[in-house]
Amino acid sequence: MSSNTQILYIKNMVCPRCEYVIKQLLEDLGTTVLAVSLGQVVVKSDNLPSKVKIDASLQEFGFELLKSKKARQVERIKVLLIHLIYYQKYPVNKSLITKYLELATHNSYEELDALFIPACGCTIIEYVNLLKFERAKELISYNEHSIQEISQRLGYSTSEDLSLEFKKKA
């Protein structure tokens with residue numbers, strides 16, 4: 001990273017529209033945005049408004065600057081999981097999640113889970129199950145795939161397992 005660039009870590013970025021909103025918001029503040037991805041933005045440090053001003057603007061749209069290393073790591077885990085559940089085409093299982101997180105973060109799954117639980121009030125796998133359920137509801141609402149296809153894509157053992165999830169949460 002160049003000496004005149006800075007990375008801003010941002011909470012609650014979950015989709016490409018969030019990236020667009022963040023880019024527009026920072027540009028409206030007079031910031032030169034070099035790159036945007038879920039959870040972070042690379043900006044030029046020249047003419048960068050104060051972090052207080054940036055954070056206040058972000059909060060108007062439901063985002064916030066992440067200040068601590070732990071908060072950034074937890075948000076990174078969430079972003080990685082969202083990407084895995086929403087944008088990958090292959091089935092998701094615990095083994096894949098564990099390997100994926102370990103490779104992406106260079107930390108053991110146990111360390112990540114220990115960091116995640118106090119920050120989020122649930123384990124990584126419980127969070128994944130919530131994401132999978134929300135994604136299933138979304139895919140079902142599109143009415144483009146069968147329950148069986150959705151179940152397989154999201155890593156449920158059977159379509160009955162997905163149906164059980166709906167019954168539990170109803």
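Me: Let me set out one definition first: Ala, Val, Leu, Ile, Met, Phe, Trp, Tyr, Cys and Pro count as nonpolar, Asp, Glu, Lys and Arg as charged, and the others, Gly among them, as polar. Now, what kind of model is this?

Reply: The model is predicted.

Me: How many helices and strands does the protein have?

Reply: There are 8 helices and 4 strands in the protein. Read from the N terminus, the order of the elements is β-α-β-β-α-β-α-α-α-α-α-α.

Me: And what box do the C-alpha atoms fill?

Reply: Taken along the principal axes, the box is roughly 55 × 35 × 25 Å. Of the 170 residues in the protein, 38% are buried. Among contacts with a separation of 6 or more, 58% are between residues 24 or more positions apart.

Me: How does the lining of the second largest pocket divide by class?

Reply: With your definition in hand, the lining of the second largest pocket has 10 nonpolar residues, 1 polar residue and 5 charged residues.

Me: What about the largest pocket, how many residues line it?

Reply: The largest pocket is lined by 18 residues, and those nearest its centre are Tyr9, Gln40, Arg72, Gln73 and Arg76. Two or more lining residues come from each of strand S1 (5–11), helix H3 (69–87) and helix H4 (94–105). The volume of the largest pocket is about 340 Å³.

Me: You mentioned H4. How far apart are its end C-alpha atoms?

Reply: The end C-alpha atoms of H4 are 16 Å apart. H4 has 12 residues, and at 1.5 Å a residue these should span 16 Å, so the two values agree.

Me: Which residue caps the N-terminal end of H4?

Reply: Asparagine 93 is the cap, with a side-chain oxygen that lies 3.1 Å from the backbone nitrogen of serine 95.

Me: Which residues of H4 are buried, and what do they pack against?

Reply: The buried residues of H4 are Ile97, Thr98, Tyr100, Leu101 and Thr105. The buried residues of H4 pack against H3, helix H5 (109–120) and H6.

Me: Why does threonine 105 count as buried?

Reply: Buried means under 20% relative accessible area. Threonine 105, which is found in helix H4, counts as buried because its relative accessible area is 11%. Leaving aside neighbours within four places in sequence, threonine 105 is in contact with Gln73, Leu80 and Leu112.

Me: What follows H4?

Reply: Histidine 106 follows H4, in the loop between H4 and H5. Histidine 106 is not a glycine, yet its phi is positive, about 60 degrees. Most residues other than glycine have a negative phi.

Me: Is histidine 106 buried or exposed?

Reply: Exposed means over 50% relative accessible area. Histidine 106 has a relative accessible area of 69%, so it is exposed.

Me: Where is asparagine 12, and what is its phi?

Reply: Asparagine 12 is in the loop between S1 and H1. Although asparagine 12 is not a glycine, its phi is positive, about 80 degrees. Asparagine 12 counts as partly exposed, because its relative accessibility is 35% and that class lies between the cut-offs for buried and exposed.

Me: Last one: where is serine 108?

Reply: Serine 108 is in the loop between H4 and H5. At 25% relative accessibility, serine 108 is partly exposed. The C-alpha atoms of serine 108 and arginine 17 are separated by 31 Å, and these two residues are 91 residues apart along the chain.

Technical notes
Residues numbered from 1 in each chain as written. Predicted model: local features only at pLDDT ≥ 70, side-chain atom pairs only at ≥ 80, totals over all residues. Heavy atoms only, no water. 1 Å grid on protein atoms, 1.4 Å probe; cavity = no way out; pocket = protein on both sides within 12 Å on 5 of 7 lines; lining within 4 Å. Points joined across faces, edges and corners; volume = space filled by probe spheres on them. Expected span 1.5 Å × (residues − 1). Buried < 20%, exposed > 50% of the residue type's maximum accessible area, 1.4 Å probe, protein only. Contact = heavy atoms within 4.5 Å. Polar contact = N/O pair within 3.5 Å; in protein donor to acceptor, adjacent residues only side chain to side chain.
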